[in-house]
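Colleague: I'm new to reading structures, and I'd like to learn how you reach your conclusions. Could you show me the model and talk me through it?

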Amino acid sequence: MPYKAEISRSNPTAFMFVIDQSGSMADPVGTTDLSRAEFVCDALNRVVINLITRSSKSEGVRDYFQIGAIGYGGSSVGPALAGPLADKTFNPISDFERYPLRIEQRDGMPFPIWFTPQAGGGTPMRKAMRTAAQALAEWCDDYPESFPPTLLHVTDGEPSDGDPEPIVEQLKSLGTDDGEVLILNLHTGQSKSGPIKFPGSEEEVTDGFGKILFRMSSVLPTAIASAARERGYQVNDNARGFFFNVEPVEIVEFFEIGTRASSQAMMLR
Amino acid sequence: MKILRSLTAPKEPDHSESNEDFFFWEAQGKACAMSDGASDSFDSRSWARILCQSFTQIYNQVAAPQLDDKCVALVLSVARPFFEKQLKTITTSWSKQLAASRGSFASLLGVIDEPRQVSILAVGDTVAIWMDPQGQLRSFTLRKSLEFSKNPVLLGSESKTDSLLFGSEHSRWGFITIPKVELQSKKLFLMTDALGHYVLNQYEKNRPLPLDLLSSMGQPDFQSWVLAQRQSGGLHKDDTTFALLSVD
């Protein structure tokens, strides 16, 4: 039975964030002064905070999760983190607790920052997926009994270095004894065709690149589908982990649902 | 009331300190309590312990207890200041401060031994189980194994959740008084959700019940049994706690 492995400190799971940092991510969102890159970083910081608070106990942070972050923009692909966290592809959640870049105050509460906005150049998505695949293959070798890792990809445009789909097809074959790597894609845009969330068939997506992203996305396992339904989404049994043409503000929700895949396995309640 | 067995096994065998179940009684006392701290909340082990101690200490002293909504409010009013005081000593980092701000949650199963009856308060999915004189298995509050799949109602360390507890979720927790003549051998079993689900599932499928076996076990045997049942897939991997009470 896939996606049932219990998550513990000896069998953690991992989240890999793959973030588009191309030039278009610097564009302002709607009437705000904020860029897409700033929205993405805010969402990333929030999801890390949530994972840390879910793992924080009186004795400290339990390493139920590992997090990796790859950014791609211009011609380069590399860590989307700075400081000590940039030295390794995956870091345990306790290291994130230990090494924020800074801690701001928001609404009277601490708000740590690990991710800062980056935007410039082209969109080497294919290369980024290859880098992610290599890292995830190594992770799965290291943790064969764990709940499989989840890749969460955010982009606002089409790749500038070729079709990433064949790489992602190979990536989908990776996994642990508990199931294949989960791949969730979010495309942020402002097309008049309207947003598409958790589509169940390729026909629901009319855009050519959207169809590729649909095929690159995993069918939602039960835990994510349940988390999405609890938040009011219409999710059928074949729904994919895919948002297309959504506002950047939706990224927070997308990450929150995507990182709930493991909730049943943690028996969180 | 005599506590004939009190056994527990942590979810992570290598981390017994992380066991968030708690069972508390006092020698010569007439009350005891079991609680299961929610894994997804901060320091729920302490919250579970403080809830058990608060219930037990209150009802060891009451001559003719009347379990009602006021008793839950009373337990919370005693427990919360203790917990808040404890939090202040440990929420020293930003992560603990944020985690603590979400509140802590735990079940509570409180039992009071009276001359002719046993009174039980049950909030959440920690259950009391007994055999009636006809040999039928009874349980409170959850009665079917499927009911364990729902998110349980839990007691929160902060009052902001009380409106749900005493409002829309009130039908999912409650009180029961059992005449002692209804308890076969005057025995009552208390257990947290993983074991409660297991026992009810066995009963529904007409499979052998483990109650007699567990009643004869010591702590090492219990931990071995729990590990074996987890590996066979019959028992959910969760903190697992069992107590056997004699109210003769």
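**Two helices in chain A**

Modeller: Gladly! In helix 1 of chain A, the residues A:Phe39, A:Val40, A:Ala43, A:Arg46, A:Val47 and A:Asn50 meet A:Ile251, A:Val252, A:Phe255 and A:Glu256 of helix 7 of chain A. Sorted by class, this contact has seven nonpolar, one polar and two charged residues. Keep in mind that the model is predicted.

Colleague: Which hand does the crossing of helix 1 and helix 7 of chain A have?

Modeller: That crossing is right-handed.

**Chain B as a whole**

Colleague: What makes the radius of gyration of chain B agree with that of a compact globule?

Modeller: For 248 residues, a compact globule would come out near 18 Å, and chain B has 17 Å, so the two agree. Along the principal axes, the C-alpha atoms of chain B fill a box of roughly 55 × 45 × 35 Å.

Colleague: What share of the residues in chain B is buried?

Modeller: Buried residues are 44% of the 248. To count as buried, a residue needs 20 or more other C-beta atoms within 10 Å of its own.

Colleague: And how many helices and strands are in chain B?

Modeller: Chain B has seven helices and twelve strands. Of its contacts between residues at least 6 apart in sequence, 72% join residues at least 24 apart.

Technical notes
Residues numbered from 1 in each chain as written. Chains lettered and ligands numbered in written order. Predicted model: local features only at pLDDT ≥ 70, side-chain atom pairs only at ≥ 80, totals over all residues. Left-handed = near helix turned anticlockwise from the far one by under 90°. Helix = DSSP H or I, 4+ residues; strand = E, 2+ residues; numbered from the N terminus. Contact = placed C-beta atoms within 7 Å. Nonpolar A, V, L, I, M, F, W, Y, C, P; charged D, E, K, R; others polar. Rg over C-alpha atoms; globule rule 2.2 N^0.38 Å. Buried ≥ 20, exposed ≤ 12 C-beta atoms within 10 Å, placed from the backbone.
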